[in-house]
Amino acid sequence: MEGPSLVISVEELSRFFRKKVTESTTPDSLKGLTGRTFKGARSWGKHLILEFTGCILRIHFLMFGSYRINQPRENRIPKLELGFKADRVYFYSCAIKEITAELVESYDFRTDLMSDAWEEKRVLTLLKPKQEKLVCDVLMDQEIFSGLGNIMKNEILFRRRLHPETVLGALRGPEQKRLVRDCRKYSFQFYEWKKANVLKRNWLIMRKKACPACGGKVVKKPTGVLKRLSHFCPKCQKKRLNQE
DNA sequence: TGGAATGTTGGAAC
DNA sequence: CGTTCCAACATTCC
């Protein structure tokens with residue numbers, strides 16, 4: 001699950017803010033939640049932060065995680081279940097950890113692509129020491145582009161016609177700033193499409209056989225240090241040379 | 001229908 | 001001690 005989906009989850013959970021947890025099932029490693037008030041939720045990148053009286057949980061959905069409200073999955077045991085009178089929230093296949101208020105304070109929302117506190121200038125500062133790295137790795141760096149996932153990476157690079165293995169420093173003049181703005185803009189586009197349930201049909205390069213621009217064959221290849229699969233058109237996304 | 005994939009962590013290896 | 005690599009986890013989709 002990528003950042004914009006987490007923002008949607010916070011919106012869906014907002015109806016339970018300030019409500020008392022009347023029932024709950026939690027992993028043994030966590031405190032009980034029954035009787036606590038669900039104070040609120042927010043996201044930072046791909047992290048979902050749930051605040052209860054006397055307990056803060058951080059949920060990460062990783063690749064396969066999901067949540068449901070009042071519609072449990074059949075034959076699946078949720079990792080965490082929250083009851084609010086007649087309503088139930090279920091969290092499946094996710095990593096859940098209790099965290100401290102101090103840790104939440106330390107999250108830098110200036111890098112969170114969906115946050116009001118996001119700052120282009122801050123991101124550009126963090127990019128300065130990354131000029132030798134490949135753009136496919138840099139975009140996936142959660143300390144710089146918090147919430148950006150592999151789908152977003154591939155779509156953003158295709159739209160800007162950048163080869164995933166382009167060295168960041170090969171982007172001259174205003175190009176890095178443009179890429180950073182693309183990331184911010186595409187995050188909100190992703191969010192709108194996801195909410196409207198039309199995300200997949202708006203993919204241009206992800207899991208496509210042919211390039212929508214030239215009709216050429218889309219290459220799927222693990223790229224960069226991270227070795228995450230990049231989908232790209234080698235004709236339309238030429239690799240840049242790292243020079244003036 | 002087997003294999004790949006919206007992701008991260010922790011530990012081994014070097 | 002830093003880095004790099006790999007397994008582990010777990011579920012949906014094509």
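Two strands count as paired if DSSP finds at least two bridges between them, and helices (H or I, at least four residues) and strands (E, at least two) are taken as DSSP runs, numbered from the N terminus. This is a predicted model, in which local features need pLDDT of at least 70 and side-chain atom pairs count only at pLDDT 80 or more, while totals for chains, interfaces and linings use all residues. Residues are numbered from 1 along each chain as its sequence is written, chains are lettered from A and ligands numbered from 1 in the order in which they are written, and side-chain values use heavy atoms, with hydrogens and water left out.

**Stop 1**

Select residues 219-223, which are strand β10, and residues 228-232, which are strand β11; the two pair in the antiparallel sense over five bridges. Within this pairing, Lys 221 stands opposite Ser 230, and Thr 223 stands opposite Arg 228. Four residues lie between the strands of this hairpin, where Gly 224 takes a positive phi near 70°.

**Stop 2: the two domains**

Next, colour chain A by its two domains, domain 1 at 3-106 and domain 2 at 120-232, with bounds that come from an automatic or database domain assignment. Their centres, taken over C-alpha atoms, are separated by 29 Å. Where they meet, 10 residues of domain 1 are in contact with 13 residues of domain 2, contact being heavy atoms within 4.5 Å. The area buried between the domains is about 850 Å², with 66% of that given by carbon and sulfur atoms; buried area here is the accessible area (1.4 Å probe) that two parts lose on being put together, summed over both. On the side of domain 1, select Pro 4, Ile 8 and Lys 46, which lose the most area to domain 2 and together make up 51% of what that side buries.

**Stop 3: a charged pair across the interface**

Now show the side chains of Lys 195 and Glu 11, which meet in a salt bridge at 3.1 Å, N to O; the term stands for a side-chain nitrogen of Lys or Arg within 4 Å of a carboxyl oxygen of Asp or Glu. Across the interface of domain 1 and domain 2 the rule finds one salt bridge. Helix α1 (residues 3-13) gives the most to the side of domain 1 that touches domain 2, with six residues.

**Stop 4: the open sheet**

Select the five strands that form an open sheet in the order β1-β3-β4-β5-β9, with antiparallel pairing. At the edges stand β1 (19-20) and β9 (95-99), each with a single partner strand, so one side of each has no neighbour in the sheet. Strand β5 (residues 55-60) pairs with β9 over five bridges in the antiparallel sense, and there Ile 56 has Ile 99 as its bridge partner.

**Stop 5: a link along the chain**

Finally, select Arg 15 and Asp 87, whose side chains meet in a salt bridge at 3.3 Å, N to O. This pair links distant parts of the chain, with Arg 15 in the loop between α1 and β1 and Asp 87 in strand β8 (residues 87-92), 72 residues apart.
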